[in-house]
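Q: Could you take me through this model one feature at a time, giving the general idea before the particular case?

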Amino acid sequence: MGVNSNRVEDFSSHETALRITTEAAMPPMVIHSVCPPPQQTTLQKLKQRLGEIFFPDDPLHRFKNQTLCKKLLLGFQFLFPILQWGPQYSLRLFRSDIISGLTIASLAIPQGISYAKLANLPPIVGLYSSFVPPLIYSILGSSRHLAVGPVSIASLVMGSMLSEAVSPTENQILYLKLAFTATFFAGVFQASLGLLRLGFVIDFLSKATLVGFMAGAAIIVSLQQLKGLLGIVHFTSKMQFVPVMASVFNHRDEWSWQTIVIGFIFLAFLLTTRHISMKRPKLFWVSAAAPLTSVIVSTLLVFCLRSKLHGVPIIGHLPKGLNPPSANMLHFKGSYLAVAIKTGIVTGILSLTEGIAVGRTFAALKNYQVDGNKEMMAIGLMNMAGSCSSCYVTTGSFSRSAVNYNAGAQTAISNIVMASAVLVTLLFLMPLFYYTPNVILGAIIITAVIGLIDYQTAYQLWKVDKLDFLACLCSFFGVLFISVPLGLAIAVGVSVFKILLHVTRPNTVAMGNIPGTHVYQSLTRYREALRVPSFLILAVESPMYFANSTYLQERILRWVREEEDRIKSNNGSTLKCIILDMTAVTAIDTSGIELVCELRKMLEKRSLQLVLANPVGSVMEKLQKSEVLESFGLNGLYLTVGEAVADISSLWKSQP
């Protein structure tokens with residue numbers, strides 16, 4: 001193939017299409033040959049492919065061309081990020097970190113107690129979980145602003161999944177053992193993902209799925225707190241909308257007006273402070289201090305009026321002291337092991353997703369990078385250690401991290417300061433929580449989870465992608481009316497269905513020429529694009545796999561049939577050539593190659609020529625090795641659609 005005129009003839013005067021383009025209008029076009037990629041051995045290809053899958057960030061690039069001592073130092077810094085910024089740590093940074101650490105401690109203490117009750121665990125476990133994990137994360141984590149501790153979603157899921165198998169009131173010891181065991185397996189799962197660099201697993205929890213899941217969970221969590229807000233003694237342990245509401249109205253005789261008054265006054269106070277901080281971010285400390293303020297004021301109120309408020313349930317005795325060891329309570333045998341593993345994996349995925357998302361959010365605001373695999377390792381190891389020190393699943397909390405960021409945190413030392421404040425509380429301040437009313441914990445939980453209802457994002461999903469919105473709805477209603485784990489599973493199923501739909505039913509478009517250019521674009525997308533007489537130019541916008549080869553064959557033949565019908569009805573020029581633009585075909589397998597071969601034979605029987613344009617390197621290599629290209633001849637493969645049209649048109653013109 002050489003240099004040819006780029007003129008495209010209008011073969012029919014009756015068809016509105018691309019008109020004759022003179023050589024003066026556009027410069028002559030050079031016809032280029034399509035080159036295969038450089039030769040590589042199978043081992044080289046496998047190494048490159050595995051590197052792209054598991055090491056897209058090339059984590060060892062810092063070790064290149066370094067001395068042995070430098071490599072050892074870099075290795076320790078890689079494993080313990082605190083060694084990177086620790087030597088440059090200063091008093092000025094500590095001043096900022098101590099303020100932010102004490103600020104998040106004021107939020108973490110009441111939230112820790114509240115979230116433990118949400119997971120049907122003793123309140124003291126929430127404080128234990130706010131002490132050990134933050135210390136471990138500050139050494140291993142790569143985020144400067146992530147505030148670690150119990151979170152509402154993981155607490156809710158753990159409480160709902162474990163309570164289906166074991167009653168937290170009738171069999172407290174077994175329930176506690178399963179909670180610690182589930183935390184251990186959550187940590188093992190998270191650390192394994194980081195170690196094996198399998199972080200893409202959590203990508204199956206799409207944003208749409210999480211939006212619906214968190215909204216449904218927030219509503220269920222809020223409704224569950226009606227037990228405390230209304231003073232109901234006998235309440236359902238189920239986590240679905242209908243049983244919860246039925247329990248609320250079936251026990252109207254248990255409603256306590258004192259509890260209702262206290263609860264709704266403090267709930268209004270907490271919601272008001274939250275609204276103020278949202279409207280004026282500089283006043284973040286108002287909402288951050290509100291939970292601890294509510295706990296102190298309500299405790300004093302109940303203590304002073306305990307003779308008149310004897311019907312208001314209180315927390316009661318909380319043991320003083322550091323986290324007791326719990327390695328002996330891990331439950332690795334028996335019929336409940338499967339429940340613990342399943343709960344650990346589900347809560348592990350959810351907490352990992354939240355922690356990494358929050359860490360990356362604040363890292364982007366401060367223009368630094370968070371290593372996802374390193375975060376998985378850090379969160380996994382802190383949960384494994386936490387399970388042996390009376391802690392349940394912890395991760396980075398969005399609310400506490402936002403407070404930490406706004407309070408001016410500079411490094412992970414803020415987590416150490418927070419843990420120190422919790423330590424002081426555990427050692428000396430436990431008796432002060434004796435008269436804290438349970439209703440306050442419910443109000444704190446409602447205020448924390450109500451921000452998870454993101455209706456604006458849901459509306460955006462509806463506008464942009466209806467399938468994403470469907471996944472969001474499935475997750476929302478599944479959590480609300482079926483169960484938390486099943487609702488999440490349904491939403492993941494819808495997301496996987498969406499992936500399969502895109503793979504098995506890829507998009508194909510008919511293309512036309514933009515007048516005065518060599519550019520070819522979709523006829524439906526660009527109104528100025530014109531059909532080229534005697535050509536049907538199609539683009540496939542996906543890999544050609546076994547999953548879509550049959551569909552693509554049927555769809556392309558349908559394009560041909562429709563084009564022939566259109567030409568017949570418009571009395572246009574005869575269809576002679578089908579050009580398949582393979583620019584977007586990123587991969588092909590043996591079924592895809594068979595599709596190309598069969599398509600060429602079927603079109604040849606109808607006196608139609610099939611031409612391939614711009615196959616990418618890996619596709620070109622496989623087509624060449626399969627010897628399919630030999631059947632296409634000299635005029636069956638081109639670098640661009642424009643070159644194919646120009647060269648084939650000139651060949652037709654030169655023929656008598």
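A: We can begin with accessibility, where buried means under 20% relative accessible area, exposed means over 50%, and partly exposed lies in between, with a 1.4 Å probe and protein chains only. By that scale Trp-462, at 41% relative accessibility, counts as partly exposed, whereas Phe-469 is buried, with a relative accessible area of 18%. The model is a predicted one, in which local features need pLDDT of at least 70 and side-chain atom pairs count only at pLDDT 80 or more, while totals for chains, interfaces and linings use all residues. Residues are numbered from 1 along each chain as its sequence is written, and side-chain values use heavy atoms, with hydrogens and water left out.

Q: What percentage of the 656 residues in the protein chain do buried residues make up?
A: Buried residues make up 51% of them; one of the buried residues is Met-376, with a relative accessible area of 4%, and Met-376 lies in helix H15 (residues 372–387).

Q: How many helices and strands does the protein chain have?
A: Helices (H or I, at least four residues) and strands (E, at least two) are DSSP runs, numbered from the N terminus. Here the protein chain has 25 helices and 10 strands, and its C-alpha atoms fill a box of roughly 110 × 65 × 55 Å, taken along the principal axes.

Q: Into which domains is the protein chain divided?
A: Domain bounds come from an automatic or database domain assignment, which here gives domain 1 (90–498) and domain 2 (506–654). The C-alpha centres of domain 1 and domain 2 lie 55 Å apart.

Q: What is the order of the strands in the open sheet?
A: Two strands pair if DSSP finds at least two bridges between them. The open sheet of 6 strands has the order S6-S5-S7-S8-S9-S10, with mixed pairing. Strand S6 (520–522) and strand S10 (637–638) stand at the edges with a single partner strand each, so one side of each is left without a neighbour in the sheet. Strand S8 (residues 577–581) pairs with strand S9 (residues 609–613) in the parallel sense over 5 bridges, and in this pairing Ile-579 stands opposite Val-611 in S9.

Q: Which strands does helix H22 touch as it packs on the sheet?
A: Contact means heavy atoms within 4.5 Å, and axes are lines fitted to C-alpha atoms, for helices over the stretch in contact, with angles from 0 to 180 degrees between N-to-C directions. Helix H22 (residues 549–570) touches strand S5 (508–513), strand S7 (535–540) and S8, and its direction makes about 150° with that of S7. Helix H23 (residues 590–605) lies across S8 and S9, running at about 145° to S9.

Q: How many aromatic pairs does the structure hold?
A: Rings of Phe, Tyr and Trp (its six-membered ring) pair if their centres lie within 6.5 Å; planes under 30 degrees apart count as stacked, over 60 as edge-to-face and the rest as tilted. The structure holds 11 such pairs, among them the edge-to-face pair of Trp-462 and Phe-469, at 5.2 Å centre to centre with 70° between the planes. Another, Phe-477 with Phe-481, is stacked, at 6.1 Å and 20°; both residues lie in helix H20 (residues 466–481), 4 residues apart, about one turn of the helix.

Q: Which residue lies over the face of Trp-462?
A: A charge sits over a ring if NZ of Lys or CZ of Arg is within 6 Å of the ring centre and within 35 degrees of the ring normal. Lys-466 lies over the face of Trp-462, at 4.6 Å from the ring centre, and Lys-576 lies over that of Trp-652, at 5.0 Å.
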